[in-house]
Amino acid sequence: MITKSMRHLHLFLFVLPFTIYSQETDFNNFKTTKAVGEPPSIFTASFQERVEDRKGKITEVSDEHIDNYAMRTTYSLNNILKTGYVLYGDPMTLYIQKIAANLLKNEPSLKDELQFYVIKNNITNALCTDPGVIFITTGLIAQVENEAQLAYIIAHEIVHYQEKHIQKSFTFANETDYDARSSYQEMVVLSKEHEFEADVKALKLYHAAGYSEKEINTVFDVLMYSYLTFDEIEIDSTFFEDPNTYIPRSYFPEKANPILAFEDYDDSKSTHPNIRKRKDAIATELRKYDHWKDNKNFISLEEFNHVQNIARFETLRENVILANYLEALYEVYILEKQFPNNTYLQTMKAVVWSKMNQTSLSGKKNTFLKNAKEKEGSISVLYELFKNFSRKELAILTVRQLEDIHQNNPTSEYIEELRNESFKSLAHLRRFEINRLEKISFNDALELRENVDTTTISDTVDIEGETKYDRIRRIRAAQSSSQSLAELVDENFADFLLHDLVANRTFNDLYEEEKKSIEEAKKEEEEEEIKKKKGPELEGDIILLNPYLIASHRTRGFDLENTLTFHSMISESFEEQIAGRELHNISVAYSNQFTTERYNEASILTDYVLQIVQSENTDFKFINVDREELSDIVSLHNNPYLLLISGRAKRLSRTKNSLTANIQYIELATGKVVDQSYYSVGLKIRKASVGGLVFQALSKF
């Protein structure tokens, strides 16, 4: 395990095998990476089959703990696999597998034992699991500089497997802290000695493969600075693009916060030695090897660049999903240096501004400004800047940004839709009047103030050949300008941002339409409350996403055996109760046969749910990152609803049990939670209690 825990793996392009694509064509129409081809056996083998397979290969765990170890590590691996974020057959995974093949070219038997996959996650990390499944995150691929650096990290993980570090470190000392999402690192705390050993022994594989020794120290720099964005570019005047978008200098901090990471930090509470110690240990070992080669890349540099760009686009997408909006906005700014006029980046920029504005108007702007003071480097400028924007300023600035993006992408229906929604959003501002917006830009007003001739304001000035109506127009323009000049202070900069839209019919009509809708919505609130109490009558297909189920014991904490029973029983109950009901289609969870298509569908839906959880902007239209992909899923079903179940079974005492669950239905086409209910019985996990839960979940149809 090369860096931090993957504990925070979040909840749960059709891409052909790699050839050198035209980057502009590929990334201009970017779609999130999907698994491709036949699923590997780790996805299709049953849980018990994998447990039994592991038992015969465990040599460093005491006999009394082998069963428990095999069950728990298999369960933890399962939790990673069923998120839908583990990729296979895609360009990134194929690239990682090529690097691994080079490292293991002299170790054929070891190569046969190992599997390598990329997982979509922004944490800069790599993870070795005991079954020999090694994961590399997109966050790591986005950060490294070349193939050699990836090779050393992969070699480090191979050594963890080769030396059976996970088995040797397994402990049940903290068993009561385990839960259904316990990761390998939470159950298997590798010692600093194991990390040093992995660093040192990785050199043998790395050296034999022919990589450059000069890249090893840089690997540790990559890890040290991995909390920063994948590049560090100063934010300048091009950030807002339109030269007429005037932002007062006083809104910007004087300078970015310094980057403070250092090598010799206190590692007393960390499972990993600090960077200084690791570099010193490696420096000693490096001298034991001679005839170093100078290869940074064996695979083509074009392929590395292509794969890294995919990872960086995935990083951007995930930050939008996780509501890390300023990180996403900064990443768009960075990527546009390499991909100017890229449609996907322009669309994501529009999505980010829209989501930030919705969040701000909902009174929750601080949710995407959290930990602002702790930000380091250029991105800290953005945090300080957005902290200074008022709700009104951010709303108007969003309209400005989306109008500019629309003008640059006039054929994009989605961008136009987001632009129109931003027009409507102004109606949600208190004490805001559209007729108070200025008709000239701030810069034009500034220039006018510097050159104004007060005599032109008078209607007594005699201009040869001027008609009555020319004179009226001149006088009105002068009056308008003089009013703007009177308001020409930094605090009013936002009033000048939409000068070109003030007379735009679409802008005014959508604003007025939304104002009327808000008034009508207030009148309908009481009627809606009555409807909610009655509960909706739903007709359509059910798509059941993998339920989150957990069982616990009053003294032992997480109860793995009963958790597995819970999953098994709910699956059986659904199969029994869904039979013959044609309107209900369980297409994601508990299917009899794993398919890549369903796996990819589950991944899109998981991210969809995560966005809904992060959003909470109930007064606004839901904005989905994967709009096109979700539309494809909706089209496959009849008015589909996503069914979410979160259940917990507790053993409270020898005679007292409880089984509870939250049940939600989400209308897939709109993202609205149309029904939610709570199930509770004082029973343990058995057919009656679990069957009752499923019956309640299906009773809405």
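This is a predicted model: local features need pLDDT of at least 70, side-chain atom pairs count only at pLDDT 80 or more; totals for chains, interfaces and linings use all residues.
Local features need pLDDT of at least 70 and side-chain atom pairs pLDDT 80 or more, while totals for chains, interfaces and linings use all residues. Numbering starts from 1 along each chain as its sequence is written, and side-chain values use heavy atoms, with hydrogens and water left out.

Let's start with the rings. Phe, Tyr and Trp rings (the six-membered one for Trp) pair if their centres lie within 6.5 Å; planes under 30 degrees apart are stacked, over 60 edge-to-face, and the rest tilted. That rule gives 36 aromatic pairs. In one of them, Tyr608 and Phe622 have ring centres 5.6 Å apart and planes at 90 degrees, so the pair is edge-to-face. Tyr608 sits in helix α24 (residues 596-615) and Phe622 in the loop between α24 and α25 (627-635), so the pair ties together parts 14 residues apart in sequence. Helices here are DSSP runs (H or I, at least four residues), numbered from the N terminus. Ring pairs also join Phe239, Phe240, Tyr251, Tyr333, Trp353, Phe386, Phe389 and Phe493 into a cluster.

Now for accessibility. Buried means under 20% relative accessible area, exposed over 50%, and partly exposed in between (1.4 Å probe, protein chains only). Tyr608 and Phe622 are both buried.

Gln593 is 549 residues from Thr44 in sequence, yet their C-alpha atoms are 8.0 Å apart in space.

Definitions and conventions: Helices (H or I, at least four residues) and strands (E, at least two) are DSSP runs, numbered from the N terminus.
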